[in-house]
Amino acid sequence: QVQLVESGGGLVQAGGSLTLSCAASGGTFSAAAMGWYRQAPGKQREFLAAVTSTGSPNYLDSVKGRFTISRDNAKNTVTLQMNSLKPEDTAVYYCNVRQWVLTTPYDYWGQGTQVTVSS
């Protein structure tokens, strides 16, 4: 059974930095995409960043240049380095792993970690 465990959330002042980490277990993830989403109160969950199995990243435009995603295939981890944080970055952040079986995607989610940015 796939499990994703996030860590690294917390409270930070605007302009500060946080690093989120996610450890995946219970499967083989070398071919999976790994990424991060967030959900602010009253809003839908939104895509933030993802990295393919070959290390190619993709970002939401509003976080480009501030957030950096990376993965360690040997440790089955994905990390999101967040710099220059803004109050509007406040949300619950979720780790995601997407695996494909033929043409069908299967998504796995972590439990979420709270990030609060104070002004």
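# Strands, a disulfide and salt bridges

Tyr-106 lies in strand 10, which covers residues 104-109. The model that contains this residue is predicted. Tyr-106 has a relative accessibility of 40%, so it counts as partly exposed. Together with Val-101 and Leu-102, Tyr-106 makes a nonpolar surface patch of about 350 Å².

The overall build comes next. The protein has eleven strands and zero helices. Read along the sequence, its pattern is therefore a run of β elements, β-β-β-β-β-β-β-β-β-β-β. The C-alpha atoms fill a box of roughly 45 × 25 × 25 Å, taken along the principal axes. For 119 residues, a compact globule would have a radius of gyration near 14 Å, and the protein agrees with this because its own value is 14 Å. Of the 119 residues, 36% are buried.

Strand 3, residues 18-25, has a covered face made of Leu-18, Leu-20, Cys-22 and Ala-24. Its uncovered face holds Thr-19, Ser-21, Ala-23 and Ser-25.

Which strands pair with strand 3? One is strand 1, residues 3-7, which pairs with strand 3 in the antiparallel sense over five bridges. Another is strand 8, residues 77-82, and here the antiparallel pairing with strand 3 runs over six bridges.

The structure holds one disulfide, and it joins Cys-22 to Cys-95 with an S to S distance of 2.1 Å. The pair links distant parts of the chain, since Cys-22 is in strand 3 and Cys-95 is in strand 9, residues 91-101, 73 residues apart. What is the handedness of this disulfide? The torsion about the S-S bond is about -80°, so the disulfide is left-handed. Both Cys-22 and Cys-95 are buried.

Charged side chains form another set of contacts. Side chains of opposite charge can pair when their charged atoms come close. The structure holds five salt bridges. In one of them, Arg-38 meets Glu-46, with the closest N and O atoms 2.7 Å apart. Is Arg-38 buried or exposed? Its relative accessibility is 7%, so Arg-38 counts as buried. Glu-46 has a relative accessible area of 30% and is therefore partly exposed.

Asp-89 and Arg-66 form another salt bridge, at 2.8 Å from N to O. This pair also links distant parts of the chain: Asp-89 is in the loop between strand 8 and strand 9, while Arg-66 is in the loop between strand 6 (57-59) and strand 7 (67-72), 23 residues apart. Asp-89 is buried because its relative accessible area is 1%, and Arg-66 counts as buried at 10%. Arg-38, Glu-46, Arg-66 and Asp-89 are linked in a network of salt bridges.

A further salt bridge joins Asp-107 to Arg-98, whose closest N and O atoms are 2.8 Å apart. Asp-107 has a relative accessible area of 32%, so it is partly exposed. Arg-98 is partly exposed as well, with a relative accessible area of 28%.

Conventions: Residues numbered from 1 in each chain as written. Predicted model: local features only at pLDDT ≥ 70, side-chain atom pairs only at ≥ 80, totals over all residues. Heavy atoms only, no water. Patch = residues over 30% accessible without salt bridge, like charges linked within 9 Å, V, L, I, M, F, W, Y side chains within 5 Å. Areas by Shrake-Rupley, 256 points an atom, 1.4 Å probe, with all protein chains shown as cover. Salt bridge = Lys/Arg side-chain N within 4 Å of Asp/Glu carboxyl O. Helix = DSSP H or I, 4+ residues; strand = E, 2+ residues; numbered from the N terminus. Buried < 20%, exposed > 50% of the residue type's maximum accessible area, 1.4 Å probe, protein only. Pairing = 2+ DSSP bridges. Disulfide = S-S within 2.5 Å. Rg over C-alpha atoms; globule rule 2.2 N^0.38 Å.
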